[in-house]
Amino acid sequence: MRGLMMDSQLLTTELLKHAARNYRHIEIVTRTVEGPIHRYTIGEAKRRIEKLADALVNMGVQPGDRVGVIGWNTYRQFEMYYAVGGIGAVLHTVNPRLGPENAGYVINHAEDKFLFFDNTFAPLVAALKPHVPCVKRFVAMTSREHAPAFPGELDIYDEIVERGRENFDWPEFDENTAVAMCYTSGTTGEPKGVVYSHRSVVIQSFAACLPTAMGLGEGDVLLPVVPMFHVNAWNAPYSAMLVGAKQVFPGPRLDGEGLYEMFEAEKVTFSSGVPTVWLNLLHYLEKTGKKLNYLKRGMCGGSALPEALIRGYAKYGVELQQGWGMTEMSPIGTVNVLPPNLRELPAEERIKHQVKQGRALPFVDMRIVSPEGKVLPHDGEQDGHLQVRGPCIIKDYYKREGKTLTTDGWFDTGDVALIDEDGFLQITDRSKDVIKTGGEWVSSIDIENAALLHPAVAQAGVIGVTHPKWQERPLLVVVKKEGAETSSEEVREFLKDKLDKIAWPDAVEFIQEMPLGATGKVLKTELRKMFGSYQLPE
Ligand code: ADP
(Lines give C-alpha, C1' and ligand atoms only; values in the text may rest on other atoms or scores of the structure.)
Protein backbone atom coordinates (compact mmCIF):
# COMPACT_ATOMS: atom_id res chain seq x y z
CA MET A 1 0.00 0.00 0.00
CA ARG A 2 1.37 3.40 -0.91
CA GLY A 3 1.17 6.49 1.27
CA LEU A 4 -1.49 8.96 0.25
CA MET A 5 0.53 12.15 0.42
CA MET A 6 1.12 14.60 -2.40
CA ASP A 7 4.20 13.89 -4.43
CA SER A 8 5.43 17.51 -4.52
CA GLN A 9 9.06 17.57 -5.50
CA LEU A 10 11.90 18.72 -3.24
CA LEU A 11 13.21 21.60 -5.36
CA THR A 12 15.56 24.39 -4.30
CA THR A 13 13.01 26.90 -5.62
CA GLU A 14 10.82 25.88 -2.69
CA LEU A 15 13.55 27.09 -0.30
CA LEU A 16 13.56 30.44 -2.08
CA LYS A 17 9.77 30.76 -2.00
CA HIS A 18 9.65 29.71 1.65
CA ALA A 19 12.27 32.28 2.62
CA ALA A 20 10.58 35.07 0.67
CA ARG A 21 7.19 34.28 2.25
CA ASN A 22 8.50 34.13 5.81
CA TYR A 23 11.74 36.06 6.10
CA ARG A 24 11.44 38.74 3.42
CA HIS A 25 13.01 41.47 5.56
CA ILE A 26 16.08 39.43 6.48
CA GLU A 27 19.23 40.90 4.95
CA ILE A 28 21.85 39.51 2.62
CA VAL A 29 25.04 41.57 2.85
CA THR A 30 28.09 41.38 0.58
CA ARG A 31 31.51 42.93 0.51
CA THR A 32 31.56 43.27 -3.25
CA VAL A 33 34.42 42.59 -5.59
CA GLU A 34 34.13 46.22 -6.69
CA GLY A 35 34.64 47.33 -3.08
CA PRO A 36 31.50 48.78 -1.46
CA ILE A 37 29.12 46.88 0.78
CA HIS A 38 25.96 45.70 -0.97
CA ARG A 39 22.88 45.12 1.12
CA TYR A 40 19.41 43.92 0.26
CA THR A 41 16.66 41.72 1.68
CA ILE A 42 15.53 38.20 0.86
CA GLY A 43 12.41 39.75 -0.66
CA GLU A 44 14.51 41.89 -3.01
CA ALA A 45 16.83 38.97 -3.76
CA LYS A 46 13.87 36.86 -4.86
CA ARG A 47 12.76 39.56 -7.28
CA ARG A 48 16.22 39.74 -8.84
CA ILE A 49 16.56 35.96 -8.94
CA GLU A 50 13.27 35.71 -10.83
CA LYS A 51 14.40 38.35 -13.31
CA LEU A 52 17.69 36.52 -13.75
CA ALA A 53 15.90 33.20 -14.30
CA ASP A 54 13.69 34.76 -16.97
CA ALA A 55 16.71 36.38 -18.65
CA LEU A 56 18.69 33.13 -18.61
CA VAL A 57 15.84 31.33 -20.37
CA ASN A 58 15.75 34.12 -22.96
CA MET A 59 19.51 33.86 -23.41
CA GLY A 60 19.01 30.26 -24.40
CA VAL A 61 19.92 28.42 -21.21
CA GLN A 62 18.10 25.09 -21.52
CA PRO A 63 17.23 22.54 -18.84
CA GLY A 64 20.31 20.39 -18.25
CA ASP A 65 22.75 22.97 -19.63
CA ARG A 66 25.82 23.51 -17.51
CA VAL A 67 26.44 27.10 -16.50
CA GLY A 68 29.94 27.65 -15.17
CA VAL A 69 30.71 30.27 -12.53
CA ILE A 70 34.07 31.40 -11.17
CA GLY A 71 33.38 33.77 -8.33
CA TRP A 72 33.76 34.79 -4.73
CA ASN A 73 31.00 34.48 -2.16
CA THR A 74 28.72 37.34 -3.18
CA TYR A 75 25.03 38.07 -3.62
CA ARG A 76 25.42 37.66 -7.37
CA GLN A 77 26.69 34.11 -7.10
CA PHE A 78 23.95 33.50 -4.53
CA GLU A 79 21.41 34.61 -7.13
CA MET A 80 22.95 32.24 -9.66
CA TYR A 81 22.51 29.32 -7.25
CA TYR A 82 18.74 29.75 -7.28
CA ALA A 83 18.16 31.06 -10.80
CA VAL A 84 20.22 28.45 -12.67
CA GLY A 85 19.00 25.48 -10.62
CA GLY A 86 15.45 26.80 -10.62
CA ILE A 87 15.14 26.64 -14.42
CA GLY A 88 16.42 23.07 -14.45
CA ALA A 89 19.95 23.96 -15.56
CA VAL A 90 23.08 23.00 -13.62
CA LEU A 91 25.38 25.47 -11.90
CA HIS A 92 28.97 24.33 -12.23
CA THR A 93 31.00 26.15 -9.61
CA VAL A 94 34.65 26.29 -10.69
CA ASN A 95 37.41 26.61 -8.12
CA PRO A 96 39.79 29.33 -9.42
CA ARG A 97 42.56 27.96 -7.23
CA LEU A 98 42.63 24.83 -9.37
CA GLY A 99 44.95 26.77 -11.68
CA PRO A 100 44.35 27.40 -15.41
CA GLU A 101 45.06 23.85 -16.54
CA ASN A 102 42.65 22.12 -14.17
CA ALA A 103 40.07 24.91 -14.51
CA GLY A 104 40.12 24.42 -18.29
CA TYR A 105 39.90 20.67 -17.80
CA VAL A 106 36.79 20.83 -15.60
CA ILE A 107 35.01 23.39 -17.82
CA ASN A 108 35.55 21.17 -20.86
CA HIS A 109 34.68 18.03 -18.97
CA ALA A 110 31.43 19.53 -17.69
CA GLU A 111 30.84 21.09 -21.15
CA ASP A 112 29.84 24.46 -19.72
CA LYS A 113 27.94 26.49 -22.32
CA PHE A 114 27.99 29.73 -20.36
CA LEU A 115 30.71 31.04 -18.11
CA PHE A 116 30.06 33.71 -15.48
CA PHE A 117 32.99 35.19 -13.60
CA ASP A 118 33.96 37.89 -11.12
CA ASN A 119 36.24 40.71 -12.30
CA THR A 120 39.13 39.27 -10.29
CA PHE A 121 39.12 36.27 -12.59
CA ALA A 122 38.85 38.14 -15.91
CA PRO A 123 42.57 37.52 -16.73
CA LEU A 124 42.20 33.82 -15.88
CA VAL A 125 39.06 33.47 -18.05
CA ALA A 126 40.66 35.45 -20.89
CA ALA A 127 43.60 33.03 -20.85
CA LEU A 128 41.23 30.04 -20.69
CA LYS A 129 38.99 31.27 -23.49
CA PRO A 130 40.86 29.71 -26.46
CA HIS A 131 40.95 26.37 -24.63
CA VAL A 132 37.26 26.09 -23.71
CA PRO A 133 35.43 25.96 -27.06
CA CYS A 134 32.29 24.57 -25.36
CA VAL A 135 31.63 28.01 -23.80
CA LYS A 136 29.39 30.08 -26.05
CA ARG A 137 28.93 33.16 -23.85
CA PHE A 138 31.01 34.87 -21.23
CA VAL A 139 29.43 37.02 -18.54
CA ALA A 140 31.20 39.38 -16.13
CA MET A 141 29.36 39.44 -12.80
CA THR A 142 29.35 43.19 -12.38
CA SER A 143 27.75 46.39 -13.67
CA ARG A 144 28.59 48.16 -16.94
CA GLU A 145 30.69 50.82 -15.23
CA HIS A 146 32.97 48.13 -13.76
CA ALA A 147 33.20 45.94 -16.86
CA PRO A 148 36.67 44.35 -17.02
CA ALA A 149 38.96 44.25 -20.03
CA PHE A 150 38.19 41.07 -21.95
CA PRO A 151 39.02 39.77 -25.42
CA GLY A 152 35.89 39.58 -27.59
CA GLU A 153 32.22 39.61 -26.69
CA LEU A 154 31.28 39.95 -23.05
CA ASP A 155 27.87 40.13 -21.37
CA ILE A 156 27.34 42.10 -18.20
CA TYR A 157 25.49 40.41 -15.34
CA ASP A 158 23.52 43.38 -14.04
CA GLU A 159 22.27 44.16 -17.54
CA ILE A 160 21.14 40.56 -17.97
CA VAL A 161 19.18 40.78 -14.72
CA GLU A 162 17.60 44.04 -15.85
CA ARG A 163 16.41 42.41 -19.07
CA GLY A 164 14.43 39.75 -17.16
CA ARG A 165 10.78 40.05 -16.20
CA GLU A 166 9.51 39.83 -12.62
CA ASN A 167 7.16 37.10 -11.38
CA PHE A 168 8.90 34.35 -13.28
CA ASP A 169 6.84 31.19 -13.41
CA TRP A 170 9.15 28.55 -11.95
CA PRO A 171 8.96 25.21 -13.74
CA GLU A 172 8.29 22.02 -11.80
CA PHE A 173 10.34 18.94 -12.48
CA ASP A 174 11.67 15.78 -10.90
CA GLU A 175 13.56 16.37 -7.66
CA ASN A 176 16.33 14.06 -8.86
CA THR A 177 17.24 16.61 -11.54
CA ALA A 178 20.80 17.94 -11.24
CA VAL A 179 21.03 21.38 -9.61
CA ALA A 180 24.77 21.93 -9.27
CA MET A 181 28.10 20.30 -9.83
CA CYS A 182 31.49 20.64 -8.24
CA TYR A 183 34.78 18.95 -9.01
CA THR A 184 37.01 17.45 -6.34
CA SER A 185 40.13 19.50 -5.84
CA GLY A 186 42.36 16.98 -7.53
CA THR A 187 44.70 16.48 -4.58
CA THR A 188 44.36 12.76 -5.33
CA GLY A 189 44.52 12.68 -9.13
CA GLU A 190 42.57 14.51 -11.81
CA PRO A 191 39.44 16.38 -10.63
CA LYS A 192 36.27 14.29 -10.66
CA GLY A 193 32.79 15.74 -11.13
CA VAL A 194 30.19 15.41 -8.38
CA VAL A 195 26.62 16.23 -9.42
CA TYR A 196 24.11 17.27 -6.73
CA SER A 197 20.37 16.92 -7.19
CA HIS A 198 17.62 19.22 -5.93
CA ARG A 199 16.60 16.41 -3.61
CA SER A 200 20.09 15.93 -2.14
CA VAL A 201 20.48 19.68 -1.55
CA VAL A 202 17.10 20.02 0.15
CA ILE A 203 17.71 17.00 2.39
CA GLN A 204 21.18 18.31 3.26
CA SER A 205 19.65 21.70 4.15
CA PHE A 206 17.28 20.14 6.66
CA ALA A 207 20.00 18.00 8.18
CA ALA A 208 22.58 20.83 8.31
CA CYS A 209 20.29 23.18 10.25
CA LEU A 210 19.50 20.71 13.03
CA PRO A 211 20.68 21.56 16.56
CA THR A 212 22.90 18.47 16.38
CA ALA A 213 24.57 19.92 13.29
CA MET A 214 25.01 23.64 12.57
CA GLY A 215 22.00 24.55 14.71
CA LEU A 216 21.03 27.51 12.55
CA GLY A 217 17.89 29.52 13.06
CA GLU A 218 16.18 32.84 12.63
CA GLY A 219 18.29 35.43 14.42
CA ASP A 220 21.54 33.82 13.35
CA VAL A 221 23.90 35.76 11.13
CA LEU A 222 25.85 33.38 8.95
CA LEU A 223 29.10 34.23 7.21
CA PRO A 224 30.36 31.32 5.12
CA VAL A 225 34.10 31.72 4.54
CA VAL A 226 34.14 28.36 2.84
CA PRO A 227 33.80 29.29 -0.81
CA MET A 228 30.69 28.92 -2.92
CA PHE A 229 33.02 27.32 -5.46
CA HIS A 230 33.72 24.48 -3.06
CA VAL A 231 30.76 22.16 -2.37
CA ASN A 232 28.21 24.97 -2.35
CA ALA A 233 29.90 26.68 0.61
CA TRP A 234 28.95 23.60 2.64
CA ASN A 235 25.37 24.16 1.56
CA ALA A 236 25.14 27.52 3.41
CA PRO A 237 23.16 29.46 0.74
CA TYR A 238 20.47 26.79 0.85
CA SER A 239 20.45 26.06 4.59
CA ALA A 240 20.21 29.75 5.53
CA MET A 241 17.07 30.20 3.43
CA LEU A 242 15.37 27.27 5.11
CA VAL A 243 15.56 28.92 8.51
CA GLY A 244 15.81 32.63 7.72
CA ALA A 245 19.36 33.27 8.88
CA LYS A 246 20.89 36.56 7.70
CA GLN A 247 23.69 35.89 5.23
CA VAL A 248 26.92 37.83 5.01
CA PHE A 249 29.19 37.22 2.03
CA PRO A 250 32.82 38.26 2.45
CA GLY A 251 33.62 38.62 -1.28
CA PRO A 252 37.34 38.50 -1.97
CA ARG A 253 38.58 39.67 1.47
CA LEU A 254 39.28 36.45 3.36
CA ASP A 255 42.28 37.65 5.40
CA GLY A 256 42.02 38.00 9.18
CA GLU A 257 41.38 41.74 9.14
CA GLY A 258 38.82 41.57 6.29
CA LEU A 259 36.84 38.86 8.03
CA TYR A 260 37.07 40.56 11.41
CA GLU A 261 35.59 43.76 10.01
CA MET A 262 32.62 41.89 8.54
CA PHE A 263 32.09 39.80 11.70
CA GLU A 264 31.85 42.93 13.81
CA ALA A 265 30.01 45.26 11.42
CA GLU A 266 27.29 42.71 10.60
CA LYS A 267 27.15 41.05 14.04
CA VAL A 268 27.95 37.62 12.64
CA THR A 269 26.99 34.80 15.05
CA PHE A 270 28.10 31.76 13.04
CA SER A 271 30.82 31.15 10.48
CA SER A 272 32.31 28.22 8.62
CA GLY A 273 35.74 27.56 7.17
CA VAL A 274 38.79 25.34 6.95
CA PRO A 275 41.40 25.36 9.75
CA THR A 276 43.74 27.70 7.82
CA VAL A 277 41.06 30.39 7.74
CA TRP A 278 40.34 30.06 11.46
CA LEU A 279 44.07 30.07 12.17
CA ASN A 280 44.63 33.30 10.23
CA LEU A 281 41.79 35.03 12.04
CA LEU A 282 43.11 33.84 15.40
CA HIS A 283 46.58 35.20 14.61
CA TYR A 284 44.97 38.51 13.69
CA LEU A 285 43.10 38.64 17.01
CA GLU A 286 46.22 37.78 18.96
CA LYS A 287 48.29 40.35 17.11
CA THR A 288 45.82 43.22 17.45
CA GLY A 289 44.30 42.40 20.84
CA LYS A 290 40.82 42.79 19.34
CA LYS A 291 37.78 40.90 20.64
CA LEU A 292 34.95 39.12 18.88
CA ASN A 293 31.79 40.69 20.23
CA TYR A 294 29.11 38.72 18.40
CA LEU A 295 30.53 35.48 17.04
CA LYS A 296 29.28 32.54 19.12
CA ARG A 297 30.04 29.41 17.12
CA GLY A 298 31.91 28.29 14.08
CA MET A 299 32.19 25.15 12.05
CA CYS A 300 35.65 24.02 11.10
CA GLY A 301 36.12 21.24 8.58
CA GLY A 302 37.98 20.14 5.48
CA SER A 303 40.82 18.81 7.58
CA ALA A 304 41.17 17.94 11.23
CA LEU A 305 40.39 20.68 13.72
CA PRO A 306 43.52 21.18 15.84
CA GLU A 307 43.11 21.30 19.61
CA ALA A 308 45.08 24.56 19.58
CA LEU A 309 42.28 26.21 17.62
CA ILE A 310 39.54 24.99 19.95
CA ARG A 311 41.50 26.38 22.89
CA GLY A 312 42.40 29.57 21.05
CA TYR A 313 38.80 30.45 20.21
CA ALA A 314 37.45 29.40 23.62
CA LYS A 315 39.41 32.38 25.00
CA TYR A 316 37.30 34.63 22.77
CA GLY A 317 34.05 32.96 23.82
CA VAL A 318 33.68 31.17 20.48
CA GLU A 319 32.92 27.47 20.29
CA LEU A 320 34.53 25.83 17.27
CA GLN A 321 32.71 22.70 16.20
CA GLN A 322 34.33 20.19 13.97
CA GLY A 323 32.62 19.01 10.80
CA TRP A 324 33.77 16.17 8.60
CA GLY A 325 32.62 15.66 5.06
CA MET A 326 33.57 15.44 1.44
CA THR A 327 32.70 16.97 -1.91
CA GLU A 328 31.12 13.57 -2.59
CA MET A 329 28.78 13.94 0.44
CA SER A 330 27.03 17.27 -0.29
CA PRO A 331 29.33 17.71 1.85
CA ILE A 332 28.54 17.37 5.57
CA GLY A 333 28.84 13.87 7.01
CA THR A 334 29.31 14.51 10.71
CA VAL A 335 29.34 17.48 13.07
CA ASN A 336 30.67 17.49 16.60
CA VAL A 337 28.01 18.95 18.85
CA LEU A 338 28.52 17.50 22.31
CA PRO A 339 25.51 16.01 24.11
CA PRO A 340 24.67 17.53 27.54
CA ASN A 341 26.54 14.90 29.58
CA LEU A 342 29.81 15.63 27.75
CA ARG A 343 29.22 19.36 27.63
CA GLU A 344 29.19 19.43 31.44
CA LEU A 345 32.66 17.87 31.73
CA PRO A 346 35.56 20.00 32.97
CA ALA A 347 37.27 21.78 30.04
CA GLU A 348 40.32 19.48 29.99
CA GLU A 349 38.11 16.39 29.77
CA ARG A 350 35.73 17.97 27.30
CA ILE A 351 38.43 18.80 24.81
CA LYS A 352 39.22 15.10 24.33
CA HIS A 353 35.74 14.75 22.86
CA GLN A 354 35.79 18.01 20.92
CA VAL A 355 38.72 16.93 18.77
CA LYS A 356 36.68 14.04 17.37
CA GLN A 357 34.85 14.52 14.07
CA GLY A 358 31.43 14.09 15.66
CA ARG A 359 28.25 12.21 14.96
CA ALA A 360 26.55 11.54 11.65
CA LEU A 361 23.85 13.73 10.21
CA PRO A 362 20.55 11.94 9.64
CA PHE A 363 20.61 9.81 6.48
CA VAL A 364 24.38 9.37 6.68
CA ASP A 365 25.10 5.71 7.28
CA MET A 366 28.73 4.94 8.18
CA ARG A 367 30.69 1.72 8.53
CA ILE A 368 34.30 0.77 9.18
CA VAL A 369 35.86 -1.99 7.10
CA SER A 370 39.16 -3.76 7.74
CA PRO A 371 41.78 -4.03 4.96
CA GLU A 372 40.56 -7.62 4.51
CA GLY A 373 37.01 -6.41 3.88
CA LYS A 374 35.49 -7.33 7.26
CA VAL A 375 32.93 -4.90 8.69
CA LEU A 376 34.28 -3.83 12.10
CA PRO A 377 32.27 -3.02 15.25
CA HIS A 378 31.72 0.56 16.40
CA ASP A 379 33.72 0.01 19.58
CA GLY A 380 35.96 3.07 19.57
CA GLU A 381 38.98 0.77 19.26
CA GLN A 382 39.34 -0.71 15.82
CA ASP A 383 40.04 1.57 12.91
CA GLY A 384 39.69 0.77 9.24
CA HIS A 385 38.37 2.17 5.96
CA LEU A 386 35.42 4.48 6.41
CA GLN A 387 32.53 3.85 4.02
CA VAL A 388 29.26 5.77 3.79
CA ARG A 389 25.90 5.71 2.07
CA GLY A 390 22.80 7.88 1.97
CA PRO A 391 20.65 10.17 -0.18
CA CYS A 392 23.19 13.03 -0.16
CA ILE A 393 26.13 10.78 -1.05
CA ILE A 394 27.53 10.22 -4.52
CA LYS A 395 26.47 7.23 -6.57
CA ASP A 396 28.62 7.96 -9.63
CA TYR A 397 31.14 10.56 -10.68
CA TYR A 398 30.16 12.51 -13.77
CA LYS A 399 30.95 10.54 -16.93
CA ARG A 400 32.44 7.66 -14.94
CA GLU A 401 29.32 5.66 -14.30
CA GLY A 402 29.49 2.34 -12.51
CA LYS A 403 32.95 2.72 -11.00
CA THR A 404 32.34 4.61 -7.80
CA LEU A 405 30.75 2.31 -5.20
CA THR A 406 31.76 -0.95 -3.57
CA THR A 407 30.01 -4.04 -4.91
CA ASP A 408 27.52 -3.84 -2.04
CA GLY A 409 26.70 -0.17 -2.67
CA TRP A 410 28.86 1.87 -0.26
CA PHE A 411 31.12 4.80 -1.04
CA ASP A 412 34.67 4.37 0.24
CA THR A 413 35.76 7.75 1.60
CA GLY A 414 39.50 7.08 1.42
CA ASP A 415 39.68 7.92 5.12
CA VAL A 416 40.80 5.66 7.92
CA ALA A 417 38.65 6.05 11.02
CA LEU A 418 37.02 4.51 14.05
CA ILE A 419 33.53 5.01 15.46
CA ASP A 420 32.68 4.61 19.14
CA GLU A 421 29.56 3.14 20.73
CA ASP A 422 27.96 6.58 21.00
CA GLY A 423 28.37 7.16 17.27
CA PHE A 424 31.35 9.53 17.43
CA LEU A 425 33.58 9.34 14.40
CA GLN A 426 37.29 9.82 14.78
CA ILE A 427 39.35 10.17 11.63
CA THR A 428 42.79 8.62 11.99
CA ASP A 429 44.00 9.86 8.63
CA ARG A 430 43.50 9.72 4.91
CA SER A 431 44.42 6.18 3.96
CA LYS A 432 47.26 7.44 1.76
CA ASP A 433 48.63 9.71 4.51
CA VAL A 434 48.61 7.25 7.38
CA ILE A 435 52.16 6.35 8.36
CA LYS A 436 52.78 2.63 8.31
CA THR A 437 55.50 1.92 10.80
CA GLY A 438 56.58 -1.53 12.01
CA GLY A 439 53.16 -3.04 11.20
CA GLU A 440 51.23 -0.29 12.98
CA TRP A 441 49.39 2.77 11.71
CA VAL A 442 50.33 6.20 13.01
CA SER A 443 48.03 9.15 12.39
CA SER A 444 49.72 12.14 10.76
CA ILE A 445 46.77 14.23 12.01
CA ASP A 446 47.54 13.43 15.67
CA ILE A 447 51.15 14.56 15.28
CA GLU A 448 50.15 17.75 13.45
CA ASN A 449 47.57 18.61 16.11
CA ALA A 450 50.07 18.06 18.91
CA ALA A 451 52.71 20.17 17.11
CA LEU A 452 50.24 23.03 16.70
CA LEU A 453 50.03 23.29 20.49
CA HIS A 454 53.65 24.49 20.51
CA PRO A 455 53.67 28.28 20.88
CA ALA A 456 56.15 28.79 18.01
CA VAL A 457 54.40 26.55 15.48
CA ALA A 458 52.11 28.27 12.96
CA GLN A 459 51.53 25.37 10.55
CA ALA A 460 52.43 21.71 10.62
CA GLY A 461 52.42 18.88 8.09
CA VAL A 462 53.52 15.31 8.67
CA ILE A 463 54.56 12.75 6.07
CA GLY A 464 55.96 9.25 6.28
CA VAL A 465 59.56 8.85 5.11
CA THR A 466 61.13 5.54 4.15
CA HIS A 467 62.99 3.85 6.97
CA PRO A 468 65.20 0.75 6.56
CA LYS A 469 63.90 -0.97 9.67
CA TRP A 470 60.42 0.45 10.36
CA GLN A 471 59.24 0.82 6.74
CA GLU A 472 58.14 4.41 7.38
CA ARG A 473 58.73 6.99 10.10
CA PRO A 474 57.09 10.39 10.59
CA LEU A 475 58.79 13.60 9.49
CA LEU A 476 57.24 16.77 10.89
CA VAL A 477 57.46 19.85 8.67
CA VAL A 478 56.82 23.17 10.40
CA VAL A 479 56.26 26.80 9.50
CA LYS A 480 57.17 28.97 12.49
CA LYS A 481 55.00 31.82 13.73
CA GLU A 482 56.25 35.24 12.68
CA GLY A 483 59.19 36.24 14.87
CA ALA A 484 59.09 33.00 16.91
CA GLU A 485 62.14 30.80 17.45
CA THR A 486 62.46 27.12 18.22
CA SER A 487 64.54 24.13 17.21
CA SER A 488 64.00 20.60 16.01
CA GLU A 489 65.11 19.20 19.38
CA GLU A 490 62.82 21.51 21.31
CA VAL A 491 59.76 20.61 19.25
CA ARG A 492 60.49 16.90 19.53
CA GLU A 493 60.92 17.23 23.29
CA PHE A 494 57.62 19.17 23.49
CA LEU A 495 55.76 16.33 21.76
CA LYS A 496 56.98 13.57 24.04
CA ASP A 497 54.23 13.78 26.64
CA LYS A 498 51.57 14.44 24.00
CA LEU A 499 51.98 11.42 21.76
CA ASP A 500 52.57 7.69 22.06
CA LYS A 501 56.22 6.87 21.57
CA ILE A 502 55.54 5.25 18.22
CA ALA A 503 54.28 8.61 16.91
CA TRP A 504 57.23 10.75 18.02
CA PRO A 505 58.52 12.25 14.79
CA ASP A 506 62.04 11.16 13.92
CA ALA A 507 62.86 14.61 12.59
CA VAL A 508 61.50 18.14 12.39
CA GLU A 509 62.23 20.37 9.40
CA PHE A 510 61.40 24.07 9.09
CA ILE A 511 60.17 25.69 5.88
CA GLN A 512 59.12 29.25 5.00
CA GLU A 513 55.73 28.50 3.50
CA MET A 514 53.41 25.51 3.73
CA PRO A 515 52.22 24.18 0.36
CA LEU A 516 48.42 24.46 0.44
CA GLY A 517 45.90 22.98 -2.01
CA ALA A 518 42.94 24.60 -3.71
CA THR A 519 40.82 24.29 -0.57
CA GLY A 520 43.45 25.43 1.92
CA LYS A 521 44.66 21.99 3.01
CA VAL A 522 48.29 21.07 3.52
CA LEU A 523 49.41 19.47 0.26
CA LYS A 524 51.11 16.28 1.35
CA THR A 525 51.94 15.45 -2.26
CA GLU A 526 54.09 18.60 -2.39
CA LEU A 527 55.70 17.87 0.97
CA ARG A 528 56.57 14.40 -0.31
CA LYS A 529 58.19 15.96 -3.38
CA MET A 530 60.11 18.45 -1.23
CA PHE A 531 61.36 15.74 1.11
CA GLY A 532 61.42 12.88 -1.42
CA SER A 533 64.94 11.69 -0.71
CA TYR A 534 65.00 12.78 2.91
CA GLN A 535 67.49 10.94 5.07
CA LEU A 536 66.26 10.46 8.62
CA PRO A 537 68.87 10.85 11.34
CA GLU A 538 70.19 7.58 12.77
P1 ADP B 1 39.48 16.96 -1.82
O2 ADP B 1 40.37 17.75 -0.89
O3 ADP B 1 40.00 15.61 -2.19
O4 ADP B 1 38.84 17.72 -2.90
P5 ADP B 1 37.30 17.34 -0.05
O6 ADP B 1 37.61 18.77 0.00
O7 ADP B 1 35.97 16.88 -0.39
O8 ADP B 1 38.21 16.59 -1.01
O9 ADP B 1 37.83 16.72 1.26
C10 ADP B 1 37.40 15.51 1.80
C11 ADP B 1 38.44 14.95 2.72
O12 ADP B 1 38.93 15.95 3.61
C13 ADP B 1 37.92 13.87 3.61
O14 ADP B 1 37.88 12.62 2.96
C15 ADP B 1 38.93 13.89 4.74
O16 ADP B 1 40.10 13.20 4.41
C17 ADP B 1 39.28 15.35 4.85
N18 ADP B 1 38.50 15.97 5.93
C19 ADP B 1 37.41 16.75 5.83
N20 ADP B 1 37.00 17.14 7.04
C21 ADP B 1 37.84 16.61 7.94
C22 ADP B 1 37.95 16.63 9.37
N23 ADP B 1 37.11 17.31 10.13
N24 ADP B 1 38.95 15.92 9.94
C25 ADP B 1 39.83 15.23 9.20
N26 ADP B 1 39.78 15.17 7.86
C27 ADP B 1 38.81 15.84 7.23
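Contact here means heavy atoms within 4.5 Å, and by that rule 23 residues of domain 1 touch 11 residues of domain 2. The structure is a predicted model, in which local features need pLDDT of at least 70 and side-chain atom pairs count only at pLDDT 80 or more, whereas totals for chains, interfaces and linings use all residues. Residues are numbered from 1 along each chain as its sequence is written, and side-chain values use heavy atoms, with hydrogens and water left out.

**Overall form**

- The protein is assigned domain 1 (12–252), domain 2 (361–430) and domain 3 (435–530), with bounds that come from an automatic or database domain assignment.
- Its secondary structure comes to 17 helices and 26 strands, where helices (H or I, at least four residues) and strands (E, at least two) are DSSP runs numbered from the N terminus.
- The radius of gyration, taken over C-alpha atoms, is 23 Å, close to the 24 Å that the globule rule (2.2 Å times the number of residues to the power 0.38) gives for 538 residues, so the protein is as compact as a globular protein of that length.
- Along its principal axes, the C-alpha trace spans about 70 × 65 × 50 Å.

**Interface of domain 1 and domain 2**

- The centres of these two domains, taken over C-alpha atoms, are separated by 30 Å.
- Between them the domains bury about 1,300 Å², 66% of it on carbon and sulfur atoms, buried area being the accessible area (1.4 Å probe) that two parts lose on being put together, summed over both.
- On the domain 1 side, H109, K192 and I203 lose the most area to domain 2, together 33% of what that side buries.
- The rule finds two salt bridges across this interface, a salt bridge being a side-chain nitrogen of Lys or Arg within 4 Å of a carboxyl oxygen of Asp or Glu.
- Four residue pairs across the interface, both residues at pLDDT 80 or more, are in polar contact, that is, a pair of N or O atoms within 3.5 Å, where within protein one must be able to donate a hydrogen and the other to accept it, and residues adjacent in sequence count only if both atoms are side-chain atoms.
- At least two residues of the domain 1 side that touches domain 2 are supplied by each of α4 (99–110), β8 (178–183), β9 (193–197) and α7 (198–209), and the largest share, six residues, comes from α7.

**Salt bridges in the whole structure**

- A search of the whole structure finds 37 salt bridges.
- One of these joins E266 to K246, with the closest N and O atoms 2.9 Å apart; E266 lies in the loop between α10 (256–265) and β12 (270–273) and K246 in strand β11 (residues 246–249), a pair 20 residues apart that links distant parts of the chain.

**Backbone features**

- Most residues other than glycine have a negative phi, and most peptide bonds are trans.
- The peptide bond from S330 to P331 is cis, with omega near 0°, and P331 sits in the loop between β14 (319–325) and β15 (332–335).
- N167, a residue other than glycine, has a positive phi near 55° and is found in the loop between α6 (157–163) and β8.
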